[in-house]
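Colleague: I would like to learn how to read this model. Please take me through it step by step.

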Amino acid sequence: MIKINVDMNKCQHYGMCVFEAPAVFKLNSDDKLEYTATADDSERANVEAAVDVCPMQAIFIVD
Amino acid sequence: MSKPVVIVGASMGGLRSAEALRRFGYTGAITVIGDENWAPYNRPPLSKEVLAGEVVSHETVAFPQRAATSDVGWVLGHRVVSADLEHSTVTTDEGEIFEYSNLIVATGLRPKRQIYDNNIHAGRHIIRTLDDAMSLRAELVPGARVVVLGAGFIGCETAATARKLGCEVTVVAPGTVPMLRPLGEELASELQRRQEAEGVKFLLKRTVSDLVGESRVKAVTLDDGTELECDVFIEAIGSHPNTEWLEGNDIDISDGLLCDHNLRAVKATGDSWNNVWGVGDVVRFPNPIFDDVPRRVEHWNIPSECAKYVGNAIATGEPGEIFKPIPSFWSDQFDVHILAFGLLALADSSKLVQGTIDNDCVFEYYRGDQLVGAAGIGLRSVVQGYRKNFES
């Protein structure tokens with residue numbers, strides 16, 4: 001299990017993470033980011049990719 | 001022991017290359033050499049959040065370090081000054097020679113500089129490195145008169161940040177509209193309007209021909225002879241690829257390192273080096289999504305896309321499918337947040353397709369009748385929908 005934290009003060013809802021880890025991140029109907037706070041270990045690579053592509057570098061994996 | 005993969009350039013492209021090598025199964029040695037003393041950090045906030053922050057620190061912009069790359073050898077604060085591709089070596093300014101199995105060129109860009117008769121330094125700034133941002137931050141005090149030369153994204157973002165900090169900001173630029181090339185006339189004009197509504201002044205079709213002051217800048221002279229008083233002068237007039245260290249080799253560095261469809265450096269014969277790779281905005285590469293013309297692309301996602309491709313190619317020994325990344329960029333200016341996909345600069349026309357220009361809106365960009373990009377303020381889901389237009 002991995003824990004995910006998004007700094008919502010930094011997040012500008014660009015949604016680049018959604019392409020990398022759609023099981024964890026999505027834009028809701030108001031185009032605001034929503035995410036699950038935990039995910040299976042099998043999602044780690046996808047979430048790391050999401051961390052990498054976040055323009056605001058607002059996504060953190062809490063180990 | 002086999003020779004390491006040597007990565008020259010310790011910014012995002014260098015870091016992402018090292019990570020990708022490990023991710024795709026390369027277990028040999030990796031050495032990353034960079035001329036800054038800082039471990040890799042994220043540059044875009046330097047003109048925005050970092051500059052607006054109370055404290056400018058490495059910690060606020062450093063990329064997280066991962067366990068998979070904990071055994072990478074970082075050689076920081078050392079500049080590579082030459083390369084001998086025939087003998088697979090690079091040499092630093094201290095004369096240290098590194099042999100490599102594969103070389104990844106990730107040396108990025110540096111700001112272009114104007115040359116002025118009055119060559120004073122105090123009060124004169126650029127923004128590329130964390131050290132640049134730190135020294136500028138100290139001078140952006142409320143009421144400071146700031147002149148920004150250049151109306152590209154960095155110039156306009158810096159202008160917005162300085163204005164938010166309470167500075168009196170004037171952007172001087174030779175073009176007719178700020179950010180014209182990347183955004184096209186209509187959207188660019190709207191952004192100018194929004195900047196002006198926040199109090200940023202634009203002096204367009206003008207440039208700065210000299211500086212005034214003895215110990216520090218106190219004014220700039222414009223090309224029409226007028227003087228504009230200022231306390232801070234910021235140059236943001238574009239960038240130059242860092243390729244001088246590659247001179248003397250059988251490659252093309254006339255505008256960045258020319259690479260093939262597999263990001264391998266191209267020889268004069270048209271063949272490619274099989275162990276010299278390019279990553280990031282230093283690279284000129286063709287992108288078949290658009291055409292076969294090699295271009296440098298100064299978008300933030302390009303270093304990571306290159307790194308993923310090259311890391312995989314080296315780790316697996318297979319170049320794989322040809323490289324065709326989807327360029328994307330964003331820009332934050334005041335409360336305006338632009339997101340774009342594609343190569344908008346290729347367009348000869350643009351049209352508003354959703355929303356209204358003075359609010360949230362989406363534009364499509366065309367070269368002839370070929371869609372080459374889309375950009376929007378707000379309306380994220382709509383803009384994101386264009387990404388699939390560029391997927392193969």
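Colleague: Into which domains is chain B divided?

Modeller: Domain bounds come from an automatic or database domain assignment. Here chain B has domain 1 (5-110 + 240-316), domain 2 (113-237) and domain 3 (335-390). This is a predicted model: local features need pLDDT of at least 70, side-chain atom pairs count only at pLDDT 80 or more, and totals for chains, interfaces and linings use all residues. Residues are numbered from 1 along each chain as its sequence is written, while chains are lettered from A and ligands numbered from 1 in the order in which they are written.

Colleague: How many residues of domain 2 of chain B are in contact with domain 3 of chain B?

Modeller: Contact means that C-beta atoms, placed from the backbone, lie within 7 Å. By that rule, 9 residues of domain 2 of chain B meet 10 residues of domain 3 of chain B. The C-alpha centres of these two domains are 27 Å apart.

Colleague: In what order do the 5 strands of the open sheet in chain B come?

Modeller: Strands are DSSP runs (E, at least two residues), numbered from the N terminus. Two of them pair if DSSP finds at least two bridges between them. The order in chain B is 23-24-27-26-25, with antiparallel pairing. Strand 23 (328-333) and strand 25 (349-355) of chain B each have a single partner strand, so one side of each lacks a neighbour in the sheet.

Colleague: How many bridges join strand 24 of chain B to strand 27 of chain B?

Modeller: There are 5, between residues 336-342 and residues 370-377. B:Phe341 has B:Ala374 as its bridge partner in strand 27 of chain B.

Note on methods:
Helix = DSSP H or I, 4+ residues; strand = E, 2+ residues; numbered from the N terminus. Contact = placed C-beta atoms within 7 Å.
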